Amino acid sequence: MGRCGIWNKAVVRARPSKQGGSAAPLLGGLGHFFTAREDAMLHRIAVRRVTALLVLLVFLTAQLVAVPAQAFFFGGVTIKDEKEMGHKFDVMIRSNMGVIEDPEVSQYVNYIVQRLVKVAPPQPFTFKATVVLHNSLNAFAVPGGYVYVFTGLIMNLDREEELAGVLAHELAHVTQHHVATRLERAQFVTVGSLLLAIAGVAAGGSGGGAIAVGALGAGQSAMLNYSRMDETEADQIGLQYLVAAGYPPQGMVDSFKVLRQKSWMSGSNVPTYLSTHPAIGDRINGLQARIQGMGKAVQNRSQDNKRFIRVKTLLWARYGDSQAALQRFAGKDGLSCMGRGIVLARLNRVAEANTAFDAAITASPNDPLVLREAGAFHYRKGDMSRADALLQKAMRLDPRDYMAAFFFARQLDETGRQAQATRYYQDVLRYVPEDAEVHEAYARSLGKSGDTAGAYIHMAYSAMYSNNKKQTERYFNQAKALAGRSADKRPFQRLEAAYKERKEIWEKN
């Protein structure tokens, strides 16, 4: 096994290149760590993630010309259409951009979204948040209840209520059907142009909106940006959601101020939800005036930021500039030592990383996150005995941490205990059923234990969720050839149904 990571597709899914091969993994290593040169490549890859969204836009543009799609006319965008658009867009995002699957991160962001959704009016769809590996200070929501948060946003905010403020604003765009309403106003809209419009809004200040405008033409370009009225309503309704969810209302104002300041300092474009008229300053002042009219008990609320700090620590340790991250993690508390250990491991300074993880365990001996990261570190460097003990303790303290379970399954595999590993792989897949890396690892484990049919089924899943059409077809046909010999046809039947659905999306788009 080379330097490529074993959890990067379970933490961050590495996707195939346009030529059909695997995209370069972004994190980790099986018994190896990143060299300094590879660490520099990590940051360049992260910065280039914006290109993936632009490629997605170009791809969608081509579909407008190449594929005659079903047409919708004024008033024709139904809830069913919204769900279909959102689902297809989600497939494309997951197929073309890195998605963070670490439960410490994904469960936390979904917790915030669900906290806000509970106080919103009943909606006809279930909301689900996805964290995308991208250094842009952005978040967006699309029809169907799909919410996307970029790692750059979390890494540059300071408190949970600020993140909740941005998400409340984006949630309001969905609950008020702003995208769907603008699509209905278009004179003629195809399925392809609906997706293109969503992608244009999602791309925001990255330049994607301009590509989308060029593809649709002036008559339909208005749908690509929220109107002044939309943004004002999203500010006001979002603030209501934020307050009703129990957050300090100042969080929304402070988040807008942070994003404006960071954008000015970096010279980057202001995110979509700050760039639309009325002027940013007027919007901030309007929100501040509303907050001043609230009771003192509401104005003076406080928010526990422990989980936010944990998530921000992980993201900075894994994806932040290594030198800046080391400065952040100069403390002696468990999280700081853990963060320092992760960064030092990225830099291939294994002995120093070992010392940092030992210090983290001493400072926080019962923190499951610290134990998990230390266990993963020792697994990567080949100390299976130490990894075993740390990962088992992490799982006892946090049974929901499927990342710890995945590393534990891998170390069981490495020590010849495939039968025991099966249970843990299956548990992990219940949490992340579309994770390509987990399917691949499980397939190899099944192959070692002699279950060739099962191995091909999970290799087919791995290729499918990596968006590799040729490999998916190849492994599917091999699994199909062996399915006739199996007494239990259900695993292949489930694969067949999933493959049929994915093929329909591939063929239509």
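This is a predicted model: local features need pLDDT of at least 70, side-chain atom pairs count only at pLDDT 80 or more; totals for chains, interfaces and linings use all residues.
## Helices 22 and 23

Two packed helices are described by the angle between their axes and the distance between the axes. Take helix 22, residues 402-414, and helix 23, residues 418-431. Their axes come within 8 Å. They cross at roughly 155°. Angles over 145 degrees count as roughly antiparallel, so helix 22 is roughly antiparallel to helix 23. The crossing of the two helices is left-handed.

Which residues of helix 22 and helix 23 make the contact? Helix 22 supplies Y402, A405, F406, F408, A409, R410, L412 and D413. Helix 23 supplies Q418, Q420, A421, Y424, Y425, V428 and Y431. Sorted by class, this contact has eleven nonpolar residues, two polar ones and two charged ones.

## The nonpolar cores

In soluble globular proteins, nonpolar side chains tend to be buried together. Here, the largest nonpolar core has 105 residues. Inside that core, the residues with the most contacts are L116, I154, L163, L167 and M338. Which helix gives the most to this core? Helix 22 does, with nine residues.

Now zoom in on M338. Leave out residues up to four places away in sequence, and M338 touches T313, L314, F357, A360, L369, V370 and E373. There is also a second, separate core, with 18 residues. Among them are A443, M459, A460 and L495.

## D158, a loop residue

D158 sits in the loop between helix 6 (151-156) and helix 7 (160-175). Its relative accessible area is 46%.

What does D158 contact, leaving aside its neighbours within four places in sequence? The partners are V258, F308 and K312. Look at F308 in particular. D158 and F308 are 150 residues apart along the chain. Their C-alpha atoms are separated by 8.4 Å.

## R380, a helix residue

R380 belongs to helix 20, which covers residues 368-380. Is R380 buried or exposed? Its relative accessibility is 12%. Buried means under 20%, so R380 counts as buried.

R380 can also be placed relative to F407. In sequence, R380 and F407 are 27 residues apart. In space, they are 9.4 Å apart, C-alpha to C-alpha.

Methods: Residues are numbered from 1 along each chain as its sequence is written. Side-chain values use heavy atoms; hydrogens and water are left out. Axes are lines fitted to C-alpha atoms, for helices over the stretch in contact, and angles run from 0 to 180 degrees between N-to-C directions. Helices (H or I, at least four residues) and strands (E, at least two) are DSSP runs, numbered from the N terminus. Angles under 35 degrees count as roughly parallel, over 145 as roughly antiparallel, 65 to 115 as roughly perpendicular and the rest as oblique. A crossing is left-handed if the near helix is turned anticlockwise from the far one by less than a right angle, and right-handed if clockwise. Contact means heavy atoms within 4.5 Å. Ala, Val, Leu, Ile, Met, Phe, Trp, Tyr, Cys and Pro count as nonpolar, Asp, Glu, Lys and Arg as charged, and the others, Gly among them, as polar. A nonpolar core is a set of buried Ala, Val, Leu, Ile, Met, Phe, Trp, Tyr and Cys residues joined through side-chain atoms within 4.5 Å. Buried means under 20% relative accessible area, exposed over 50%, partly exposed in between (1.4 Å probe, protein chains only).
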